[in-house]
Amino acid sequence: KPWEFSCITLWGSVMWDEQDQLFKMWYQTWGNVQPPQVSTFICYATSKDGIEWEKPDLGLVAFDGNAKNNIVLAPKRAWLDSPTVVKDVSDPDANKRYKMCWCESGPNDPPAIFHATSSDGVHWIRFADAVLQAGDRNSLFHDVQRKKWVVITRMAGIGDRSIAFAEGDEFGKYVPQRLVL
């Protein structure tokens, strides 16, 4: 698809949604284009068997003036990276059932981790501000035993070859990250 540019990457998430009896995928696109053109998007696909995938026309985000695509999120900065989606069936607020974490950056914007929530995994409400200043590779999970939300990312200001850990009792509210590797 044109909005997928030169490649799609699974710096994203795939899950079996027990409730909907459907595989769901959120993936990242990438194109070698320069700002102000957006070169990355988060797209959505579904599958009944995990092999054959459908990319629904969602009508949410315009690309070249046309919203007939499967884009669920576009960056507010020049580009985004490494989206992770988690379905949180324990959240009492059904509007926050799905949780997303990703990195955004740009020529004048250092990398930062952003979050969003959704009732259906398609229509996302972004947090107003970044939740962490961090590197571009990241992952999110909920540690059920410890009851903590965890973001693994690169440590801001150290360079590319680092791994940092931030955790918190609430999604999007973390203690300062610490270097772990």
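Predicted model: local features only at pLDDT ≥ 70, side-chain atom pairs only at ≥ 80, totals over all residues.
**Entry 1: the cores**

I looked up the nonpolar cores first. The largest has 16 residues. Among those with the most contacts inside it are Trp-26, Trp-102 and Trp-124. Ile-42, Val-72, Leu-73 and Val-85 are also on that list. I then checked which elements give two or more residues to this core: strands S3 (42–47), S4 (71–73), S5 (79–87), S6 (98–106) and S7 (109–118).

A second, separate core has 13 residues. Cys-101, Cys-103, Ile-113 and Leu-140 are included in this second core.

**Entry 2: Val-85**

I listed what Val-85 touches, leaving out residues up to four places away in sequence. I found Ser-13, Met-15, Trp-26, Tyr-98, Lys-99, Met-100 and Trp-124.

**Entry 3: Ser-105**

I located Ser-105 in strand S6. Is Ser-105 buried or exposed? Its relative accessible area is 9%, so Ser-105 is buried. Its side chain makes a polar contact of 2.7 Å with the side chain of Trp-79. Beyond its neighbours within four places in sequence, Ser-105 is in contact with Arg-77, Ala-78, Trp-79, Pro-110 and Pro-111.

**Entry 4: the cysteines**

I searched the whole structure for disulfides and found zero. Cys-43 is buried, at 0% relative accessibility.

Cys-103 is in no disulfide either. Its nearest cysteine sulfur belongs to Cys-101, 8.7 Å away. Cys-103 is buried too, with a relative accessible area of 1%.

How values were computed
Residues numbered from 1 in each chain as written. Heavy atoms only, no water. Core = buried A, V, L, I, M, F, W, Y, C linked by side-chain atoms within 4.5 Å. Buried < 20%, exposed > 50% of the residue type's maximum accessible area, 1.4 Å probe, protein only. Helix = DSSP H or I, 4+ residues; strand = E, 2+ residues; numbered from the N terminus. Contact = heavy atoms within 4.5 Å. Polar contact = N/O pair within 3.5 Å; in protein donor to acceptor, adjacent residues only side chain to side chain. Disulfide = S-S within 2.5 Å.
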